[in-house]
Amino acid sequence: MAGKRFLLFHHCQSCFRREGAGRQWQKFSSTLRFLILVLLTIVLCITTLPALAKLAQSNLSPVAVSTKLSTSALQQGKALYDAGRFTEAVKVLQQAAEAYQQQGDTNKLAATLSNLSLAYQQLGAWKEAEVAIAQSLNILGYQKIENRTQNDTSTRAEQKNLPNPQILAQTLDIKGRLQLTIGQPEEALKTWQHSADIYTKLSDRNGVVRSQINQAQALLSSGFYRRAETTLSVLNQILQSQPDSLEKLITLRSLGDVFQLVGNLPKSRIYLLQSLEIAKRLKSPDHIAASLFSLGNNARAQDQIQQAINYYQQTVKESTSLIVKVQAQLSYLSLLIEEGQSKAALSLLPKIQSELEQLPLSRTSIYARINFAQSLAKLGNQEDKETRRGGDTGNIFDNVSASSAAQLLAQAVQQARSLDDKRAEAYALGSLGSLYEQTGQWQAAQNLTQQALLLAQASNASEIAYRWQWQLGRLLKAQGDSEGAIAAYEIAVETLQSLRSDLAAVNQDLRFNFRDSVEPVYRQTVQLLLQEQQKQPDEKTLEKARQIIEALQLAELDNFFRQACLQGQRVLLDQIVDKENSTAAILYPIILPEEIQVIVKIPKQPLQHHRIKISQAEVEKTVVELRQNLINPAALKAVRLQSQQVYNWLIKPIESKLSASGVNTLVFIPDGVLRNLPMSVLYDGRQYLVEKYAVALSVGLQLLDPKPLQPQQLKALTAGLTQPPPGYSNFAPLPAIKTEIEMINETGISTTDLLDRQFTSQALENKVNATSFNVVHLATHGQFSSRVEQTFILAADGPINVTEFDNILRRRDETTSTPVQLLVLSACQTAAGDKRAALGLAGAAVRAGARSTVASLWQIDDESTAQFIGAFYRELKNVGITKVEALRRAQLQLLQHPNYNAPGFWSAYVLIGNWL
């Protein structure tokens, strides 16, 4: 980029963990899809990075004309760097450094070395980059200055007299970039905090802003998304009243990218549009292109395909950089392939191929080549399938073949080796191995995968390594080495566990991330563990299997909220049922491609296990149809038939053991589509499960503070909304909510009420923080979805998103020692057509901090809801009655009611968490 300031590409490596854009739903290869999107993100990072820096310059008078190199050497190196000619930039800067060293010009030498480090970083030469930046800081006396700063009592004038503090601050910016790139975000944060201190003492406002933007990137890389959001929001407030500037522009674009990362796509779009407007006023084509690129990915994440295409096309039109044009076209290409628009995709290939060949050798161009190869392979596979189905597209696969993709990847490998870029080489080799996997060339694929894995591990790139560990497991399994495959899969799971706080970072799109690049690792591992045994799996294997699936479910919740959940001291469920609640059994169904595996814990007995041979597709079809029939009172026959099928899968093989054990409560940890189904409705041919057992759900194998609720201590905060707020007329009025709240009051429970216009988000927060209670009852419309931005409850002033609700209750936890024992979400529902909608319910339950959550999976009759809620609280007041038994008794009252005995009325409510 031209000009004195330029983007410092400091977090493109962290993007491997944190970012991604796009949706690849089709099942060509999860590995290829993952890499396409990761590489798209990497090149997006290079284009749109929010961190700013100045090229380190000495600001001294020119050296003598007789010297071999003049002060223009730094500018020449910068020009080569901006042009992406990093190898040439290194040579020029090395020559400049030698000349300045001979001249004894320490300041120019320090500046040149720091810029040399920056160029090395772009080539992936991390050791050389570290050496260069260390030499620069040593020349600048960084250690001495750092020690002095720690006990600094100097005045601003004294600080300014230190050797070139401006160069030192700029050099620290580059050091922080290197630290973040090689996976040291905490150290990068400290480095940028130090550079910000120096800029502050120099009264360099722009420098301070740049350092704070950098700090936000370090926070993002560490998984502290909310802190990053806070930092950028403060910066935005500071810059809002100031004239347009690059700092202001990039802060806004950074905020847009952060809000997209945490799932607030509408707010993300607002900030991105603001950044675009400033870029236009500043007449900066490259920044216009960067904002357009981010807007394209925002539109893509919201399934606004045509808008995304338009933004990508505008990016190509606006950008003055060839690499940015290529990147936008690659994003456009992958979107067309994803949407099945093969002919339009084919028309892009010649132009992209031609422009790729014009790019100078750099990490950026290598990633672009890998990206293009992945798209070629997928496009060729799509066209080949069309040909085999007898389509009229012709045998285009000859033109878009695996061999073409393989050739591109082989070139990428050689280019990465020429730059000694181990990370890029690992991607290229692993991608090539994945391609060979698709064509059944097992040994060649294995050799390439092992090479890629060694390079990824040597680079401490766990987010890459798990992909190749998984790939190696698949290859070993395909060659009949079950033992080796299990070992490889288990290592992949361990690597994913080490990345738990970064899993949201692998890709921004929840559906893509878990369906294609995380979930299969866990499920295939369990499948190998349980299927490869010729006899009944032992208890150790069963325990390992359910822990692996639990790890997947927790990772889903982490990804849902973009930060780690389930913190705090927790107790194992097995310990609870063995020692404290011996009348409860735990069932852990696991859905695999060709069967359901069910692991059962009966009190004081070893783990038990049974399997049902049935395809995942059939399971999902049955459960989805049952879920739809439940809300139709006329479909009773279909409900019983389908719910009996599910009963036969999960319960029938162990019903005699459950009966003999004296169990009266069943705790399910449901998997996949089963999470959308109320287990109380399962039917044995004569009775529903709720008629024999109290039924609870858990999101994992542990509970937080598993203590019973004390009836005499019940205090409730109740809030209800009988009329939807303006703009939400698609939600029906709920007049019986007044009756519902009155019935709670009639039980004798002490309540604090917020009704209709009193029930605003701010009023709720005020009451939450000011009132002592252990029950929160919200009687209002709400929706649970697999996407955080679509999970909310309605207040009088509009929707309260699940993350905002989380923040409200989290602030309460900071001011009171009384936890929320019970959260009731009345009149809510799971999003229609969303097979994973209950993820939003689980997320709301977990992050609310409540020990137990009662919620409806679908909205039921207003009057029956009031009756159900009244019965539930009356039972809850009885001494010795658990929360889940109170729920069961309230359900039975509706079941026995002549108007509400259809399952759709009484089965909608589920209890998640502590059932005691």
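## Salt bridges in a predicted model

Lys-692 is partly exposed, with a relative accessible area of 28%. In this predicted model, the side chain of Lys-692 takes part in a salt bridge with Asp-684, and the closest N and O atoms of the two residues are 3.0 Å apart. Asp-684, for its part, has a relative accessible area of 17% and is therefore buried, because buried means under 20%.

The pair is one of several, for the count of salt bridges comes to 23.

| Salt bridge | N to O distance |
|---|---|
| Asp-684 and Lys-692 | 3.0 Å |
| Arg-611 and Glu-595 | 3.6 Å |
| Arg-210 and Glu-247 | 3.8 Å |

The salt bridge between Arg-210 and Glu-247 links distant parts of the chain, since Arg-210 lies in helix H11 (residues 205–221) and Glu-247 in helix H13 (residues 246–261), 37 residues apart. Both Arg-210 and Glu-247 are buried.

Arg-611 counts as partly exposed at 33% relative accessibility, whereas Glu-595, at 0% relative accessibility, counts as buried.

Salt bridges also connect a set of four residues, in which Glu-519, Arg-523, Asp-671 and Arg-836 are linked in a network.

Methods: Residues are numbered from 1 along each chain as its sequence is written. This is a predicted model: local features need pLDDT of at least 70, side-chain atom pairs count only at pLDDT 80 or more; totals for chains, interfaces and linings use all residues. Side-chain values use heavy atoms; hydrogens and water are left out. Helices (H or I, at least four residues) and strands (E, at least two) are DSSP runs, numbered from the N terminus. Buried means under 20% relative accessible area, exposed over 50%, partly exposed in between (1.4 Å probe, protein chains only).
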